[in-house]
Amino acid sequence: MSTASEASLAPLSSIATIGQHEGETVRVRGWLYNLRASGKLLFPIVRDGSGTIQGIVPKAAVSEEVFETLKNLTLESSLTITGTVRADSRAPSGFELDVADVSVTQRVPDDQPFPITLKEHGTDFLMERRHLWMRTPRQSAILRVRATIMRAAQEYFDTNDFVRTDPPILTPAACEGTSELFEMKYFDEGNAYLTQSGQLYIEATALALGKVYSFGPTFRAEKSKTRRHLTEFWMIEPEVAYADLGDLMVLAEEFLSHIVQTVLAKHRADLKTITGGDEKAAKLEKIQAPFPRVSYDEAHAMLEEAFSKGLVENRHTYGDDFGSPDETYISNQFDRPVMVHRYPAAVKAFYMQPDPADASKALCVDVLAPEGYGEIIGGSQRVDSYDLLKQRILDHGLPLESFEWYLDLRRYGSVPHSGFGMGIERVVAWVCGLEHVRETIPFARTLNRIYP
Ligand code: 4AD
Ligand code: MG
């Protein structure tokens, strides 16, 4: 390894930015993702978290030691590889590395190989090894897209004069449904619950600061085993004083368009790795405001017609919430998210303002993602009358004493105000075209999984 000391001084490069070093010798620190050998040629593929790159190692071009080290290296061993960057239009990243040197940080033992191989594994096997599964290119790409979705969501509010206010995670009462609460003992104060939504608290901060948002983990002790439900998920929630339902829908469509277009600008290669093609990106290009608006009544009429034509299996009952197949049918009629508004108040939360045109309806909106991904945003205008809100709390059997502070917001300078919550994982699943939300978060928490 005559060039070793010289080569080890080569500048470090990430794989994602290696194109900036074309023709130069660089060092890449990472892990051995795959290795092919063909006679006197080795083709190691190295990953570093930002991407993967193939190295070319002709036996004649390197020392015996470098060749033998690489030839016998086990998958997922950590290493630093030094080589010259060469453009290659056939390579997925557009570049290859003519390897000059390698140094191994930790060699995975032969008798305990990395358990995840390139062959197909079952989901349970992979979820049990989630801490290792996330190293594979498709899973890493999903986590990179997730990070961008979270950043873009926050960036939208930060650049539009919203103040981030963080609600508590330990709370004394329910926000959504009492059957979905994670409960714990809280010293001598009785029971506490993990938050289901920061909404009630950011209604307070909105009346203090005008336009606010919160962003954090939320919890639902739901006994549902669907591909859309996690027990712990991340929600971003804006709340705006003086905004009505119409204002809220404009906010939702502009916010979502910003998120999707930010992902497209940065992650075309990742989307291709995840979905195996370019069709997803083409569909996402259409996600631009304005979005279609459909009332609950109109959506019900669409389903009635579909049922009469045999396009949906089950008939939707007027007055009921929409089931998954109903939502899929409705969303399939559009090429962008559809905003379904004014559901029957009876199927929605206690805090929603009644529609002045029909008090049996709530001034609320669910945004349904295209391609059957279901509800990604739920929001509403809030009850602003003290008397009505108090009545609703009692009607829902909620403990009045826990809500006295919330009623204060209607005692002192109450105004119409509106907000929504967007579940990050549902958006990641839709944008990445994933079957199940368990792949959208580093460590998913579901009804029957809390390991690793
Ligand atoms: O519709 P939800 O229950 O609305 C609220 O919690 C309101 N308090 C929000 C607000 O108005 N500030 O939940 C909002 C969103 C859903 O549209 C969905 O994207 C996501 O949160 N969500 C879940 N995501 C994953 N797993 C679950 N169990 C989820 N429950 C809701
Ligand atoms: Mg909802």
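**Entry 1: contacts and overall build**

I began with contacts along the protein chain. Among contacts between residues at least 6 apart in sequence, 66% join residues at least 24 apart. I keep in mind that this is a predicted model. Next I looked up the build of the protein chain. I find 14 helices and 18 strands. The C-alpha atoms fill a box of roughly 85 × 60 × 40 Å along the principal axes. I then checked burial. Of the 452 residues in the protein chain, 39% are buried.

**Entry 2: the sheet of 8 strands**

I traced the strand order. I read β6-β10-β11-β18-β17-β16-β13-β12, an open sheet of 8 strands with mixed pairing. Which strands stand at the edges? They are β6 (163-164) and β12 (293-295). Each has a single partner strand, so one side of each is left without a neighbour in the sheet.

β12 runs parallel to strand β13 (residues 338-341), with 3 bridges between them. In that pair, S295 stands opposite H341 of β13.

I then turned to β11 (232-241). Strand β10 (residues 211-219) pairs with β11 over 9 bridges, in the antiparallel sense. Here K211 faces V240 of β11. β11 also runs antiparallel to β18, joined by 5 bridges. There I find M235 opposite G423 of β18. Is β11 enclosed or open? I count it as largely enclosed by the rest of the structure, because 8 of its 10 residues are buried.

**Entry 3: around ligand 1**

I listed the residues around ligand 1. There are 24, and S197, Q199, G378, G421 and G423 come nearest. G423 is already in my notes as the residue opposite M235. Which elements supply at least two residues each to the shell? I note β11, β17 (374-381), β18 (417-423) and α14 (424-432). I sorted the shell by residue class. It divides into 9 nonpolar, 8 polar and 7 charged residues.

**Entry 4: helix α8**

I looked at helix α8 (residues 268-275) for burial. D270, L271, T273 and I274 are buried there. Why do they sit on the same side of α8? They cover an arc of only 160° around the axis, which puts them there. An α-helix has 3.6 residues a turn, so residues three or four places apart point the same way. I checked what lies over the buried residues of α8. The cover includes α5 (137-158), α9 (279-285) and α14.

**Entry 5: nonpolar cores**

I searched for nonpolar cores. The largest has 81 residues. I149, A252, V340, V365, V427, V428 and V431 have the most contacts inside it. Which helix gives the largest share of this core? It is α7 (residues 245-266), with 10 residues.

I moved to strand β1 (residues 25-38) and strand β2 (residues 41-47). They run antiparallel and are joined by 7 bridges. N34 has I45 of β2 as its bridge partner. The hairpin leaves 2 residues between the strands, and G39 takes a positive phi near 60°.

β2 also runs antiparallel to strand β3 (residues 52-58), through 5 bridges. R47 stands opposite T52 of β3. This hairpin has 4 residues between its strands. In its turn, G49 has a positive phi of about 95°.

I count 2 bridges between β7 and strand β9 (residues 191-194). L170 has L194 of β9 as its bridge partner.

Terms used. Residues numbered from 1 in each chain as written. Chains lettered and ligands numbered in written order. Predicted model: local features only at pLDDT ≥ 70, side-chain atom pairs only at ≥ 80, totals over all residues. Near = placed C-beta within 6 Å. Nonpolar A, V, L, I, M, F, W, Y, C, P; charged D, E, K, R; others polar. Buried ≥ 20, exposed ≤ 12 C-beta atoms within 10 Å, placed from the backbone. Arc of directions from axis to C-beta. Contact = placed C-beta atoms within 7 Å. Core = buried A, V, L, I, M, F, W, Y, C linked by C-beta atoms within 7 Å. Pairing = 2+ DSSP bridges.
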